[in-house]
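This briefing covers selected strands, side-chain pairs and loop residues. Please read it alongside the sequence and structure shown here.

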Amino acid sequence: MSDAGIKDILVVTGGKNSGDFLRLLANGKQFGLAHINYTYQEGEGGIADALNLAEHFADRQKICVVLGDNIMEGNIRDAVDDFRKQPSGAKILLKEVLDAERFGVADLRDGKIVGIEEKPKNPKSNHAVTGIYLYDETVLCDKIRTLVSLTAR
């Protein structure tokens, strides 16, 4: 993320090993970060709950979300630069794989993602979701709040 010009990071963590992130990442200076912040997610709230915790950090700005259970190879700089030029919307990074049934798989139409299916028996494509998402400011302020309230019912 630092190579892509992202210098302020929020780590959302939970569970009994959450302190391991602080010990590993410290203040982020060794990774070229200006600031690294931490917040604690109680329970198993999922991605929507984690994003809800990031609302104050994002401060109505575009954000990059990287799920912690993924390993990145290569650089996301081009994707981040392209996204910065977008006036609105989202960008989800995909990777072509041979065994798509093991992943969340994008359903693509005219080059746009119209759906994502988790570990499908018959994948609609061979494009796996990498766990790297770029969102405009409406995701945290509007869409996630709606999702969290729907899942709380």
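R102 counts as exposed, at 53% relative accessibility, because the limit for that class is over 50%. The model is a predicted one. In it, five salt bridges are counted, and a search of the whole structure finds one aromatic pair.

**Salt bridge of R102 and D99**

- R102 pairs with D99 in a salt bridge, where the closest N and O atoms are 2.5 Å apart.
- The two partners fall in separate accessibility classes: R102 is exposed at 53%, whereas D99 is partly exposed with a relative accessible area of 23%.
- In general terms, side chains of opposite charge can pair when their charged atoms come close.

**Strands β5 and β6**

- Strand β5 spans residues 104-109 and strand β6 spans residues 112-118; the two run antiparallel and are joined by six bridges.
- Within this pairing, D107 is placed opposite G115 of β6.
- The hairpin formed by β5 and β6 has two residues between its strands, and D110 there adopts a positive phi near 55°.

- D107 counts as buried, with a relative accessibility of 12%, because the class requires a value under 20%.
- R109 and D107 meet through their side chains in a salt bridge, at 3.2 Å from N to O.
- D107 also forms a salt bridge with K124, and here the closest N and O atoms are 3.8 Å apart.
- K124 sits in the loop between β6 and β7 (127-135) while D107 belongs to strand β5, so this pair ties together parts that are 17 residues apart in sequence.
- K124 is exposed, at 59% relative accessibility, in contrast to the buried D107.

**Ring contacts**

- The one aromatic pair found in the whole structure is formed by Y133 and Y135.
- Their rings are stacked, with 5.9 Å from centre to centre and 10° between the planes.
- Both Y133 and Y135 are buried.
- A charge also sits over a ring elsewhere: the charged end of K62 lies over the ring of F83, 4.7 Å from the ring centre.

**Q41, in the loop between β2 and α2**

- Q41 is found in the loop that runs between β2 (35-40) and α2 (46-53).
- Although a loop residue, Q41 counts as buried at 14% relative accessibility.
- The side chain of Q41 makes a polar contact of 3.2 Å with the side chain of D49.
- Not counting residues up to four places away in sequence, Q41 touches V12, T13, G14, G46, D49, A50 and L53.

**L67, in the loop between β3 and α4**

- L67 occupies the loop between β3 (63-66) and α4 (77-85).
- Its relative accessibility of 21% places L67 in the partly exposed class.
- L67 and V11 are 56 residues apart in sequence, yet their C-alpha atoms are 9.9 Å apart in space.
- With neighbours within four places in sequence left aside, L67 is in contact with I47, G131 and Y133.
- Of these contacts, Y133 is also a member of the stacked aromatic pair with Y135.

Definitions and conventions:
Residues are numbered from 1 along each chain as its sequence is written. This is a predicted model: local features need pLDDT of at least 70, side-chain atom pairs count only at pLDDT 80 or more; totals for chains, interfaces and linings use all residues. Side-chain values use heavy atoms; hydrogens and water are left out. Two strands pair if DSSP finds at least two bridges between them. Helices (H or I, at least four residues) and strands (E, at least two) are DSSP runs, numbered from the N terminus. A salt bridge is a side-chain nitrogen of Lys or Arg within 4 Å of a carboxyl oxygen of Asp or Glu. Buried means under 20% relative accessible area, exposed over 50%, partly exposed in between (1.4 Å probe, protein chains only). Rings of Phe, Tyr and Trp (its six-membered ring) pair if their centres lie within 6.5 Å; planes under 30 degrees apart count as stacked, over 60 as edge-to-face and the rest as tilted. A charge sits over a ring if NZ of Lys or CZ of Arg is within 6 Å of the ring centre and within 35 degrees of the ring normal. A polar contact is a pair of N or O atoms within 3.5 Å; within protein, one must be able to donate a hydrogen and the other to accept it, and residues adjacent in sequence count only if both atoms are side-chain atoms. Contact means heavy atoms within 4.5 Å.
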